[in-house]
Amino acid sequence: MGGHLNINHLMFLGQGALWTIGLSVIALIGGGIVGFVIALARISPLKFVRIASAVYVQLVQGTPLLVILFLGYFGLAAIGLKVSPLAAAGASLTLYVAAYLGEIWRGCIQSVPKPQWEAAEGLALSRTQRMMKVILPQAIRIATPPTVGFMVQIIKNTSLASVVGFVELMRSGQIVNNSLFEPFAIYAIIAVTYFAMCYPLSLFSQRLERRMGRGRSNLAPA
Amino acid sequence: MQQNLSSTEPIVSLHNVQKSFGPLRVLDGVSFTVARGEVLALIGRSGSGKSTALRCIDRFEKVDGGEIVVCGHRVDRPDVDLRALRQDVGIVFQSYNLFPHLTIEQNITLAPCAVKGMAASQAKDLARKVLAQVGLEEKLHAYPEQLSGGQQQRAAIARSLAMQPKVMLFDEVTSALDPELTAEVLKVIEQLAADGMTMVMVTHEMGFAKGIADRIVFMHRGKVHETGPASILTSPTTPELTQFVGTGNLKS
């Protein structure tokens, strides 16, 4: 390499951007699934389940993502499990996202007014039916803006996966810069690329909020 | 848990029911019964325990002592089958509590489909029928927020009716409504009473209670202080009820 920024460099960065998206999707899907379980566990009728899930959330939220990534990559290697950078980054981000989404969603579920639970109970719906047909549809509406807001955080946080050698957008930028020594130009490109990924999500969230606005005014009747 | 009741057995019976919230004794030995087809009005000041007594019938509150039997279910026992109980008991709340993300039709068909396994087409017919009963056929596809308070409360009554309960509980269902809307809701309840529905209602509408109730239970400090036919509202025997009906509550 060396010389000036050319099409090959840009393609390399483009590939990194794709991996950033890929890693974000893995983190969101994995974290979303585990986070949903965490959210339900946090409001479980069983005290043991509530406490265990709360401990998990506190542990993860009290640990920097960077440390979780190192633990995932080097820690697992130390106990004899050789994991690829992708697997380590995907698993670490999943655990991280699950703790936050679980907590965000628990709050959203609990912010559905209590009389809604009672009305559903009064109609003889089972706990699962109350959750699936009455509470969650309303909680999802409440959860959309903070969830998408957090998705933006995740996309940006995947840049930390570069420290375990995963070549996503940030890491590919570093590699290109190592050969070109044009940090400002390269990191500007990277910044714009991250923005281009995150901004549509924010717009999407706003649109979703407007479209799902129906019924919101009645969420908390007098 | 017997389901077949003889017609003489009360639908609801409370015997010496005790309930405390922390140090506060809300129900202190409450007893009353409601016969099939009877309309019972629970009245009393705020904090007298009337709403708590009503909520105990549907086990939204667990009692500390005493015995509650509702349609053959021993509600005071921890092993009571709540879903069976709540199929027999309909409850309507002060704040309507329609599900805001569902249309009125979906609000009504949800429980018959999910709980009783009713077919969707049958449930839709049922929704039309119960909405006609409360005079809201044209609101089938509206969302709750598009309805006035009175209409929402009537829709909530229809939703409850769709489960074909044996007894209906009304918890201050007109307290959030202005007089005009109150009147349209009370008309619906009057019609239900005329159709022979067994009802227990907590109400502040003394004129209404007088007109519709077969029996009045006046609660005071967690106890049934005075009980009798609607005429006790005009000729109370205890000073507390005298004072209560004398404070301007008795609208004609």
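## A tour of the predicted model

Start with A:L125. Leave aside its neighbours within four places in sequence, and A:L125 is in contact with A:A120, A:R130 and A:V134 on chain A, and with B:R83, B:L110, B:A111, B:A114 and B:V115 on chain B. Keep in mind that you are looking at a predicted model.

**Stop 1: the cores.** Now select A:I109, A:L125, B:F32, B:L42, B:V70, B:V167 and B:V200. These residues have the most contacts inside the largest nonpolar core, which has 75 residues. Which helix gives the largest share of this core? Select helix α4 of chain A, residues 85–110: the helix supplies 10 residues, the largest share. Next, pick B:V130, B:L131, B:I212 and B:L241. They are among the residues of a second, separate core, and this one has 52 residues. In soluble globular proteins, nonpolar side chains tend to be buried together.

**Stop 2: a residue in chain B.** Select B:A158. You will find B:A158 in helix α5 of chain B, residues 149–161. Is B:A158 buried or exposed? B:A158 counts as buried because its relative accessibility is 0%, and the cut-off for buried is under 20%. Now show what touches B:A158. Apart from neighbours within four places in sequence, the contacts of B:A158 are B:I108, B:V130, B:L131 and B:V134. Two of these residues, B:V130 and B:L131, are also in the second core. Then draw a distance from B:A158 to B:V63. The two residues are 95 apart along the chain, and 29 Å separates their C-alpha atoms.

**Stop 3: helix α1 of chain A meets α6.** Two packed helices are described by the angle between their axes and the distance between the axes. Select residues 7–42 of chain A for α1, and residues 127–157 for α6. Their axes come within 12 Å and cross at roughly 145°. The crossing of α1(A) and α6(A) is right-handed. On the α1(A) side, show A:T20, A:S24, A:A27, A:L28, A:F36 and A:L40; facing them in contact from α6(A) are A:M131, A:L136, A:M151, A:I154 and A:I155. What kinds of residues make up this contact of α1(A) with α6(A)? There are 9 nonpolar, 2 polar and no charged residues.

**Stop 4: α1 meets α8.** The crossing of α1(A) and α8(A) is right-handed. From α1(A), the contact uses A:L10, A:L13, A:A17, A:T20 and A:I21; from α8(A), A:I189, A:T193, A:Y194 and A:M197. This contact has 7 nonpolar, 2 polar and no charged residues.

**Stop 5: aromatic rings.** Over all chains, the count comes to 8 aromatic pairs. Zoom in on one of them, A:Y73 with A:F74. The pair is edge-to-face, with 4.9 Å from centre to centre and 75° between the planes. A:Y73 counts as buried at 17% relative accessibility. A:F74 counts as partly exposed at 45%.

**Stop 6: two loops in chain B.** Select B:R59, in the loop between α1 (50–57) and β4 (65–70) of chain B. The phi of B:R59 is near 55°, a positive value in a residue other than glycine. B:R59 is buried, with a relative accessible area of 13%. Finish at B:E172, in the loop between β7 (167–171) and α6 (179–194) of chain B. The phi of B:E172 is near 50°, again positive in a residue other than glycine. B:E172 is buried, with a relative accessible area of 13%.

Methods. Residues are numbered from 1 along each chain as its sequence is written. Chains are lettered from A and ligands numbered from 1 in the order in which they are written. This is a predicted model: local features need pLDDT of at least 70, side-chain atom pairs count only at pLDDT 80 or more; totals for chains, interfaces and linings use all residues. Side-chain values use heavy atoms; hydrogens and water are left out. A nonpolar core is a set of buried Ala, Val, Leu, Ile, Met, Phe, Trp, Tyr and Cys residues joined through side-chain atoms within 4.5 Å. Buried means under 20% relative accessible area, exposed over 50%, partly exposed in between (1.4 Å probe, protein chains only). Helices (H or I, at least four residues) and strands (E, at least two) are DSSP runs, numbered from the N terminus. Contact means heavy atoms within 4.5 Å. Axes are lines fitted to C-alpha atoms, for helices over the stretch in contact, and angles run from 0 to 180 degrees between N-to-C directions. A crossing is left-handed if the near helix is turned anticlockwise from the far one by less than a right angle, and right-handed if clockwise. Ala, Val, Leu, Ile, Met, Phe, Trp, Tyr, Cys and Pro count as nonpolar, Asp, Glu, Lys and Arg as charged, and the others, Gly among them, as polar. Rings of Phe, Tyr and Trp (its six-membered ring) pair if their centres lie within 6.5 Å; planes under 30 degrees apart count as stacked, over 60 as edge-to-face and the rest as tilted.
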